[in-house]
Amino acid sequence: MHTIQNNHLTVTINPTGAELSSIYDKINQREYLWSGDAKFWGKKSPVLFPIVGALKNNTYLFKGKSYELSRHGFAREMDFEVTRQTSTSLTFTLQDNESTLKVFPFPFSLSLVYTIEEKSLSVTYLVNNNGDEKMYFSIGAHPAFKLPLADGLAYDDYYLLFNKVENAGRWPISKDGLIEMDATPLLTDTDRLPLTKELFYKDAVVFKNLQSDEVQLKSGRHIAGFSFTFKGFPYMGIWAAKDAPFVCIEPWCGIADGVNTNQQLTEKEGIIALNAGDKFERTWGVTLF
């Protein structure tokens, strides 16, 4: 494990998957990240790369060849190298290798940069196309925050407050993990989504093209919560395992295959096409209160 800290925060990252492992508020002695209890879900904050969600039959097609990738891709299971470190910042990097090229035929480097300032943590994704042709990929976040954050509160004492009024449907997920063709109504002229465990009984709440680029987790019964920023991420998932005491806030640049996909990687919804030699960058952040 690797740690960065200041007067307000201690943040711990696991080099396996460059996975965020702890966000600890030193002043209030409060942990904000999910514990990773395997009874519900053994992860804490995996990076989703080079796909987000599931592929139809775990397969995609590129240049006439078929490739297999499991849900959310391979980066979350691989060992990253620490390539830069200061007292308040850590950079982890994954390079393509023989095993990645078998399932994802593109030379790349993926870096995750964790930086803290006062009570804020930012997480930057940097993807470099190191090949000589266009690279197609998706990337997303999957951090899980513990709920409730304070003793004496219940899960449904919390809600998500978006920074814009939303009219956004929920895109259902099929039994195979694919996105259905039509959305169902969920947010109508509102900036608030109440949290209940039942909300996730049919898998994640998936949004496309929200107006908001910030959401707060709040409760009317306690001050502890956070603000989460996600500018430049066109898709968003909100998820918890069934009856689990956490909520994931998942900004994505990419999305699972639709049920009517033709499985062609270059035509996949939300796919990013990165020219040879170019760099892709996105940042999400969380500020505790």
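## A walk from the core to the rings

Start in the middle: the largest nonpolar core has 98 residues, and those that touch the most other members are Ile 23, Phe 49, Phe 137, Ile 139, Leu 195 and Phe 246. Next, select strand S20, residues 246-253, which gives the most to this core, with six residues. Keep in mind as you look around that this is a predicted model.

**Zoom in on Leu 195.** Which residues does it meet beyond its neighbours within four places in sequence? Leu 195 is in contact with Leu 147, Tyr 155, Asp 156, Tyr 158, Tyr 159, Leu 160, Phe 200, Leu 217 and Val 247.

**Switch to a cartoon view.** Look for an open sheet of nine strands, paired in the antiparallel sense and ordered S7-S8-S9-S10-S22-S18-S17-S14-S15. Strand S7 (81-85) and strand S15 (184-194) stand at the edges; each has a single partner strand, so one side of each is left without a neighbour in the sheet. On average, neighbouring strands here are turned by 20 degrees against each other, direction ignored.

**Now show the aromatic side chains.** The structure holds 23 aromatic pairs. Phe 74 lies in the loop between strand S6 (65-68) and S7, while Phe 104 lies in the loop between helix H1 (98-103) and strand S9 (108-117), so the pair ties together parts that are 30 residues apart in sequence. Buried or exposed, where does Phe 104 fall? Phe 104 is buried, with a relative accessible area of 2%, and Phe 74 is buried too, at 11%.

Both rings belong to one aromatic cluster, together with Phe 49, Phe 62, Phe 106, Phe 108, Tyr 136, Phe 137 and Phe 280.

For another edge-to-face pair, pick Phe 145 and Phe 228, at 6.2 Å centre to centre with 85 degrees between the planes. Phe 145 sits in strand S13 (residues 144-146) and Phe 228 in strand S18 (residues 226-229), so this pair links parts that are 83 residues apart in sequence. Phe 145 is buried at 1% relative accessibility, and Phe 228 is buried at 0%.

**Last stop: charges over rings.** Select Arg 192, which lies over the face of Tyr 159, 4.0 Å from the ring centre. Then find Lys 208, whose charged end sits over the ring of Trp 171, 3.8 Å from its centre.

Notes. Residues numbered from 1 in each chain as written. Predicted model: local features only at pLDDT ≥ 70, side-chain atom pairs only at ≥ 80, totals over all residues. Heavy atoms only, no water. Pairing = 2+ DSSP bridges. Helix = DSSP H or I, 4+ residues; strand = E, 2+ residues; numbered from the N terminus. Axes fitted to C-alpha atoms, helices over the stretch in contact; angles between N-to-C directions. Core = buried A, V, L, I, M, F, W, Y, C linked by side-chain atoms within 4.5 Å. Buried < 20%, exposed > 50% of the residue type's maximum accessible area, 1.4 Å probe, protein only. Contact = heavy atoms within 4.5 Å. Phe/Tyr/Trp six-rings, centres within 6.5 Å; stacked < 30°, edge-to-face > 60°. Lys NZ or Arg CZ within 6 Å of the ring centre and 35° of its normal.
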